[in-house]
Amino acid sequence: MAKKTSKETNSKDQNTVEAEVTAVPVENNTPKVKLTNGKTDDSKEKSISVEQKLISLFSLQQIDSQIDKIRIIRGELPLEVQDLEDEVAGLETRIDNFIDEIQSLEKSINDKLNSIKDCKLLIKKYEEQQANVRNNREYDSLTKEMEFQNLEIQLCEKKIKEFKAQLDIKKIDVDKAQSNHNEKKNDLDIKKAELDDIVAETEKEETELIEKSHEHQKLIEDRLLIAYKRIRKNASNGLAVVGIERDACGGCYNKIPPQRQLDIKMHKKIIVCEYCGRVLVDNLIAETVKI
Ligand SMILES: [Zn+2]
């Protein structure tokens with residue numbers, strides 16, 4: 001108990017747990033019992049050996065750990081779909097932007113075509129006026145106007161050529177983005193269907209395991225079950241019942257003294273880790289439980 005100071009913060013709670021669970025009266029000392037998850041016809045409290053209690057607790061832990069695992073896996077799945085959805089949405093925005101740019105270029109081309117039409121109308125008007133001029137000055141003035149309009153037309157044509165070149169590039173870009181988008185969208189649809197299946201499947205498995213967990217909980221006396229649930233809630237990995245691994249607690253990895261290991265092997269009382277408060281079981285119990 002000397003090392004206990006380092007874990008002082010949790011020790012109060014754990015002591016309570018220990019006191020509670022170790023205080024369970026050992027009324028049946030029969031070392032070997034039929035290992036049927038403690039199912040007996042007699043009243044629960046009196047006829048169940050410590051060994052059976054340990055087996056039931058460890059079984060319950062295995063079931064609950066499987067439920068935890070499913071929940072962790074399922075928790076990550078929507079994130080994967082979300083990433084793909086974000087990617088597809090990003091491509092859609094890019095395509096929309098390209099389409100806007102294309103429309104704006106087409107409008108610019110149209111504007112310039114209309115300007116050319118206006119210029120040509122003016123030139124036609126000036127030609128008609130030139131036929132009726134009274135002097136050279138008027139004639140020259142109209143000629144200048146027509147030259148100006150012709151220059152304007154040339155300028156518009158140059159601009160149209162530039163816009164058309166830009167338009168060609170944009171059309172290639174939009175085609176590329178579109179095919180990229182179609183590909184990703186297809187990936188997303190497949191992935192989404194797959195993930196939906198997995199979610200449906202794990203939900204079914206989870207429901208079955210929860211049922212199984214409830215069945216096992218019925219085999220454990222209330223006081224022990226409450227302690228189990230409390231330890232599990234406080235443990236970040238959800239483990240309330242652990243085995244001994246290399247002479248250490250399978251939950252917090254602190255060394256278990258040899259005498260304590262012997263006590264655990266005896267199956268005479270429920271023993272918790274003095275550091276983390278988890279219930280400890282030896283390999284014999286762990287191997288007995290096959291879920
Ligand atoms: Zn421990």
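Predicted model: local features only at pLDDT ≥ 70, side-chain atom pairs only at ≥ 80, totals over all residues.
**View 1. Helix α5 and its two sides.** The exposed residues Asp222 and Lys233 sit on the face of α5 that is turned away from its buried side. Residues are numbered from 1 along each chain as its sequence is written. Helices (H or I, at least four residues) and strands (E, at least two) are DSSP runs, numbered from the N terminus. On the buried side of α5 you will find Leu224, Ala227, Tyr228 and Ile231. Seen down the axis of α5, these buried residues fall within an arc of 100°, so they line one face of the helix; the arc is that of the directions from the helix axis to the C-beta atoms. With 13 residues, α5 reaches 18 Å from its first C-alpha to its last, close to the 18 Å expected at 1.5 Å a residue (1.5 Å times one less than the number of residues).

**View 2. The largest nonpolar core.** This core has 33 residues, and Leu54, Leu57, Phe58, Val279, Leu280 and Val281 have the most contacts inside it. A nonpolar core is a set of buried Ala, Val, Leu, Ile, Met, Phe, Trp, Tyr and Cys residues joined through C-beta atoms within 7 Å. Two or more residues each come from α3 (50–130), α5 (222–234), β1 (241–245), β3 (279–281) and α7 (283–288). The most come from α3, which gives seven.

**View 3. Around Leu54.** Leaving out residues up to four places away in sequence, Leu54 touches His267, Ile270, Val281 and Ile285. Contact here means C-beta atoms, placed from the backbone, within 7 Å.

**View 4. β1 and its two partners.** Strands β1 and β3 pair in the parallel sense over three bridges; strands pair if DSSP finds at least two bridges between them. Val242 has Leu280 of β3 as its bridge partner. β1 and β2 (residues 248–249) run antiparallel, joined by two bridges, and Ile244 stands opposite Cys249 in β2. Two residues lie between the strands of this hairpin, where Arg246 takes a positive phi near 50°.

**View 5. Gln178 in helix α4.** Gln178 belongs to α4 (residues 136–217). It counts as partly exposed because it has 16 C-beta neighbours inside 10 Å. Gln178 and Glu92 are 86 residues apart in sequence, yet 8.2 Å apart in space, C-alpha to C-alpha.

Notes
Buried ≥ 20, exposed ≤ 12 C-beta atoms within 10 Å, placed from the backbone. Contact = placed C-beta atoms within 7 Å.
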